[in-house]
Amino acid sequence: MNSVEAEDTDSPVNWTREQVDQIELDESNTIPYTNIKELEKMTPDYHIWDSWPLTDRNGNVTEVNGWKVLFTLSAPSDVLPGKVHDIAKIQYFVSRDGKDWELGGELFPEEDSLGSREWAGSAMMDEDEGKIYAFYTATGRKGEENLTYEQRLAMSVGDVVADKNGVHFENWDEHSIILEPDGEDYQSYEQAMENGYSGYAFRDPQWFKDTKTGKEYILFEGNSGGRVSERTCENEDVPEGSEHFNGNIGIAEVVDGDFSDLKVHAPLLEANCVNDELERPHIIVKDDKYYLFTDTHINKYAPGIEGPEGLYGFVSDTLFGGYEPLNGSGLVLANPPENPYQAYSWLVLPDLKVIAFAQFGDLDGMDINEIGHQDPEFQFEHWGGTMAPTLEIGIDGDRTEFKKELPQGWIK
């Protein structure tokens, strides 16, 4: 287990309020309207949301004896949408064509994983070993009487077995915590609670191999360390309360292929006094450049600035340092204004296809925070809980554009 002070490489890049102010929705970044009621459920038995495919050791979507594998957070379909994160488990689906998916089952045996529930991560297969390296967020503590939101990065390694009927995983080793926040560059759970503010993140471990160097890393979402009373905004004119917003994107290097030995670096990106939640960070290497993507919600922006529920991105010539927001503002894809919570948790694949899940639809101007206070019938009626249509983007240097929409859940 690692919980060490981050090693300084390059100073973290700041995403600024001035850059966010450049956001404008147009046809290059706004996705088509989707009627969530018309989407096909992945399975009638479960809600699903954050999703990620099985990749090979070079980061490409892979197949196991002709089967693609997709992992998703899940909860039984009779659970209120506002409660799904309280009991989340990782399920997996398999497909021959990358379009029609069959439920495989829970990824881990009951009671094996750490935490009181499993939140998002990533999965990589070493074909030579026939092993899956599964990374996830262990949220809370197993057996806790009252749910907490402590988050730690966890993993386990198991065998991959495939036949004509599908894929399954077995012989998992003992699960381990591979990283916890240091309290300096990455806010600890105790610091967040002392702040008297509920915003806290240390989650979404995303395995990444730098194909330029062959080195492996774990990306993750965090918050800048320290107590809120110790933080100030560079611009003294920002609205009061902006100091609470301290999202960042972290990175840890895998030393000599040993995931129990991680060298933690300073954050790749910070959004202090700008945004509180930079979720599911991931990197695509294209044309010798590093493209860092992340997701965020409308309600995670600091007072005085606004941005849509969307996919955001940054580009650099090097892995560490130098990241500039794509399109000037950072916005890559946004939900249509008439359906602002339509989709979420976008993940850009190496072929520039983008998967996401259908979130909430047709709320008629309602704020997303109000949904959990509505009656169950209303919540179920407006909840997607399945894969959204796959999208495709184009990238040209520091510019991106929405190209087209594909069938839901399509991974080719």
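The model is predicted, so local features need pLDDT of at least 70 and side-chain atom pairs count only at pLDDT 80 or more, while totals for chains, interfaces and linings use all residues. Residues are numbered from 1 along each chain as its sequence is written, and side-chain values use heavy atoms, without hydrogens and water.

**First stop: the largest pocket**

Select Gly82, His85, Glu277, His297 and Lys300, which lie nearest the centre of the largest pocket among its 37 lining residues. A pocket is an open set of points on a 1 Å grid over the protein atoms alone, with protein on both sides within 12 Å along at least five of seven lines; a lining residue has an atom within 4 Å of a point. The volume of this pocket is about 1,200 Å³. Next, colour strand S21, which supplies 3 residues, the largest share of the lining.

**Second stop: the second largest pocket**

Select Gly59, Phe208, Ile283, Ile284 and Pro350, the closest to the centre of the second largest pocket among 22 lining residues. About 400 Å³ is the volume here. Strand S15 (279-286) is one of the elements that supply at least two lining residues.

A cavity is a set of grid points where a 1.4 Å probe fits but cannot get out. Select Ile31, Gln342, Ala343, Ala388 and Pro389, the closest to its centre of 13 lining residues. Strand S20 (343-348), strand S21 (353-360) and strand S23 (389-396) each give two or more residues to this lining.

Methods:
Helices (H or I, at least four residues) and strands (E, at least two) are DSSP runs, numbered from the N terminus. Grid points are joined across faces, edges and corners, and a volume is the space filled by probe spheres set on the points.
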